[in-house]
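Please look at the chain shown here and keep it open while reading. The paragraphs that follow go through some of its parts in turn.

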Amino acid sequence: MPLARRALLAAFAAGSAVACTSARAIPSDDAPRAGKALPTAAAAARRLLPRHWWQITFVGGKERDTFRVSGRDGRVTVAGDSPATQLTGLNWYLRHVAYAEINWAGEQTDLLPRKLPGLGAPVTRRANVPHRFALNDTNDGYTGAYLGWAYWERELDVLALHGYNEVLVYAGADALYHRVFQEFGYGEEELREWIPGPAHQPWWLLQNMSAFPSPVSRQLLDARADLGRRIAGRVRELGMTPVFPGYFGTVPAGFAERDPGARTVPQGDWMGFGRPDWLDPRTEEFARVAAAFYRVQDEMFGPSTLYKMDLLHEGGDPGDVPVGDAAKGVERALQRAHPGATWVILGWQHNPPRAIVDAVDKQHMLVVDGLSDRFPTVTDREADWGDTPYAFGSIWNFGGHTALGANTPDWAELYEKWRTKEGSKLHGIALMPEAADNNPAAFALFSELAWREGELNLKAWFADWARARYGARDPHAEAAWDILRRTAYGTTRADRWSEGADGLFGARPALNSVRAARWSPKQLRYDAAGFEPALDELLRVRAELRKSSAYRRDLLDVARQALSNRSRVLLPRIKEAYDAGDIARFDEASGVWLSLMDLLDELLATDSRHLLGRWVADARSWGARAAEREQLAYDNLSLLTVWGTRKGADAGLRDYANREWAGLVGGLYRLRWSTYFEEVRTAMEQGRAPEKIDWFALEDRWTRDPGPLATEPTGDTYTVAAQVRDRLAALS
C-alpha cells in the first residue's frame, strides 16, 4: 500500500474501534456514567438497548467473521473480530435466547426481563461468505434522499446487527462531482445546474439523467457532503467497509470542447431524459479525470477497498469503443488510485456482459446479482460470468412499493446449493431492495443466510420469527405467520418475478387496470383469500404482546395488504357495471371503492412511517430559503408520482414508486379515481364514451401543491385494523 494512502486511511480510522473493542470491555455490573467513552459495539448496544446494554460485554475475537456468545444471567459476553461481527452476535442472542427483535421496520425489546438471560453453553457462528453487501443504487431515492443523521445512525446499527459488512454510501457524491469538474474548466454554478436534486441523483450516478428538477444549492451540497462523511466514518467505526461510487466516465455536457483531445460518446436518452456523455475510458483524458475523482473522493470521504460502477447501465451505448477495452481502462484507473481495490458491479438484465468480466482481473471484481431469485433461467452464474465472484442477491421491492412478500422458498432452495457446489464462486449476499425499511421478515431471513448452518426449514423459521418478533409464543401469532409464509412469502421465481404485485388504488384510473407501475406483476402472486385470515389471527394475539412497534407494523402491513388486494376484486365489478350500462350498480361499486380508499388512508395515518407529510417535510427541512424548500419538496414528491417529465411519465416512470401512504392514498390517488368515476358516470348518463383526461397535468399540479399533509400519526392501528377486518368480512 502506498505510504500516502496508508496515512490517509489511518487518519480516517483514527479514534474508531474498528476491531479493537477488546481493549476495554465494560463490566456488566457497572453501567458507565454519562459522558464515559465507549467502544463502538457497546455504544451501538446502548443506542439499541438503553435499558440493558450494560449487561453485555463485548470482547475481541481472533477468527475473521466469527462471533461467540456466552454468559450467565445478567452477564452476557459477545466476542467477535469487529464491532459489526460482535453486534451480529448480539442479534443472534436477542433472537434465539432473549426473544427480542430489532429490525429496520419495527422492534420488540420491551418484554426483555430486567436481567438478561444467560446461555446454557457458548454458541459460535461464522459467516459462510466474506461479502455481505447492503443497499441498492436507488436506495437514496426510494428510501429517502432527505433522511438525516438520526436515521442513518440507526440504520447502520441495524445493518451491523444483521451481519452486513459492506454498505453502499452515495451521500455526498454530488459534492464530489461538483469539486472534480471545476478542475476541468466548469464553473461551480453550471455544475450545480447539471447535478439533479437529491431524490433523482441515483439515476444520475448510473449515467441515466442529469439536471432535474432544479439546480442544487451550494449549502445543500455542503450539507450532503457532511452527511456522507458521517455515514462513511460510522461504517468504518463499526468495522464495515463503505462502498463508494467509482469513476467510469460520466462527464458534463461539452466536455470534449473544453478539453481538446478528449473523446466522448453520446449516450442518447433514457426515459425522456438526456443522458450525460461518456468519456472514453481508453484515453489519457479519462485517466486524468479518474485520478482527480479518486483524489478528491479520498480527501472528502477517505479511501475504501470497494467501488461500485455499472458500466453502460440500462441501455448505455459504447459507440465504437470496444467494451472490453473500456472495462480495462476503468479498472486501470481504479487500481492506480487504490491498488487491490474491488470493482463492484450490478448483475442486472444483460450486465455485466462477458466482454467486461473477461477483460478484467476477476479477483478484483464482485458481481452483486439482482436476479438470483427473479428468473428460473438463472442457474449457473459461474458460466454466465466466467467464474467471477458474485453475491447472491434479492430485489424484492421496486420503487418503494408497500407490497408484502418475497421469494423465500427460492432463498431456502438455491443459496446453500449454489454456495456449496463444486467450483462455486458465490462469495456473498447482496441485500438490494430498491427501497429499504420494508418487509421486516424478508430482511431478517435474507440477512441470516450468510450466518446459517445447515438446511433452512421455512416453517420452523417463521414460527421462531413470530416468537422473537412479539416476545413470546402465541398460537395466533404463529398461525398468522404460517399463513404469510404460505402466501406472500411463499412465492417463487417460477413466474419470473421477485416482488409482489402493487395495488390498484395507486394506479392511473382505467377500468382494465392490472397494475400501478408499468413494470410490476399484472396479477397477485398468491391466493388473496388464503392471505386474508392472517389479519384476524394477528388481531387475536394476546394483549400483552401487542404493545411493540414490531406488532403494530406487522398488523398495519397485513391489514393494508388485505385492503389493497381487494382492489383487484372490486375493479372488475365496476367494469361489469359499466359494460352493462347499470348506473346504480356502478355508483354502488365505485362508492365502495372510494370508501375502501378512505379506510386505507385512515389505517395508514396511524403510523409515522406511512405519512406522505413526513416525506415532504424531510425534503423541506434541507432548504435554506422558502424557494429552495419548495424545490426540494417537489424533487422528493415527484419521484413518487410523475417521477420526471411528461415524456418520462408517458414512457412508464409515472407511479413507478407508487406506495400506500396516508396523504398519497387519500390525496392524489383518491383525486384521480373520483375524477375518473365522475367522468365515466357522466358519460354513461349521456350515452357517450368517457373523455380522455390529461392525467399528467392533474398529477403534476397536485405534486406541486398537495395541500396540507399530516406529519404526525393519528388514531390507533389496532382499532382501525379491526375495522378493516370487519369491513372486508361484510363485503365477502
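Trp643 counts as buried because its relative accessibility is 0%; buried means under 20% relative accessible area, exposed means over 50%, and partly exposed lies in between, with a 1.4 Å probe and protein chains only. Trp643 sits in the loop between α24 (626-640) and α25 (646-653). Helices (H or I, at least four residues) and strands (E, at least two) are DSSP runs, numbered from the N terminus. The phi of Trp643 is positive, about 70°, although this residue is not a glycine. Most residues other than glycine have a negative phi, and most peptide bonds are trans.

The structure is a predicted model, in which local features need pLDDT of at least 70 and side-chain atom pairs count only at pLDDT 80 or more, while totals for chains, interfaces and linings use all residues. Residues are numbered from 1 along each chain as its sequence is written, and side-chain values use heavy atoms, with hydrogens and water left out. The pLDDT is the predictor's confidence in each residue, from 0 to 100. Its average over the chain is 95, and 95% of the residues score at least 70. Over residues 13-30, however, the pLDDT is below 50; this stretch has 45 contacts in the model beyond near neighbours in sequence. Contact means heavy atoms within 4.5 Å. Residues 1-7 also have a pLDDT under 50, and the model gives them nine contacts beyond four places in sequence.

Asp437 is another residue other than glycine with a positive phi, near 70°. Its place is the loop between β19 (426-431) and α16 (440-448). With 12% relative accessibility, Asp437 counts as buried.

Where are the cis peptide bonds? One joins Phe212 and Pro213, with omega about -5°. Pro213 belongs to the loop between α8 (201-205) and α9 (218-237). Another cis peptide bond joins Asn351 and Pro352, with omega about -10°. Pro352 is in the loop between β16 (342-347) and α13 (354-357).

The axes of helix α22 (residues 583-604) and helix α26 (residues 664-686) come within 10 Å and cross at roughly 175°. Axes are lines fitted to C-alpha atoms, for helices over the stretch in contact, and angles run from 0 to 180 degrees between N-to-C directions. The two helices, α22 and α26, are therefore roughly antiparallel to each other; angles over 145 degrees count as roughly antiparallel, under 35 as roughly parallel, 65 to 115 as roughly perpendicular and the rest as oblique. Among the residues that make the contact are Phe586, Trp593 and Asp601 of α22 and Tyr669, Trp673 and Arg681 of α26. By type, the residues of the contact of α22 with α26 are 13 nonpolar, three polar and six charged. Here Ala, Val, Leu, Ile, Met, Phe, Trp, Tyr, Cys and Pro count as nonpolar, Asp, Glu, Lys and Arg as charged, and the others, Gly among them, as polar.

Trp673 is 409 residues from Thr264 in sequence and 47 Å from Thr264 in space, C-alpha to C-alpha. Thr264 lies in strand β11 (residues 264-265) and is partly exposed, with a relative accessible area of 23%. Leaving aside neighbours within four places in sequence, the contacts of Thr264 include Val251, Phe255 and Trp278.

Helix α11 (residues 284-301) is mostly covered, with 13 of its 18 residues buried. Gly302, which follows α11, has a positive phi near 85°.
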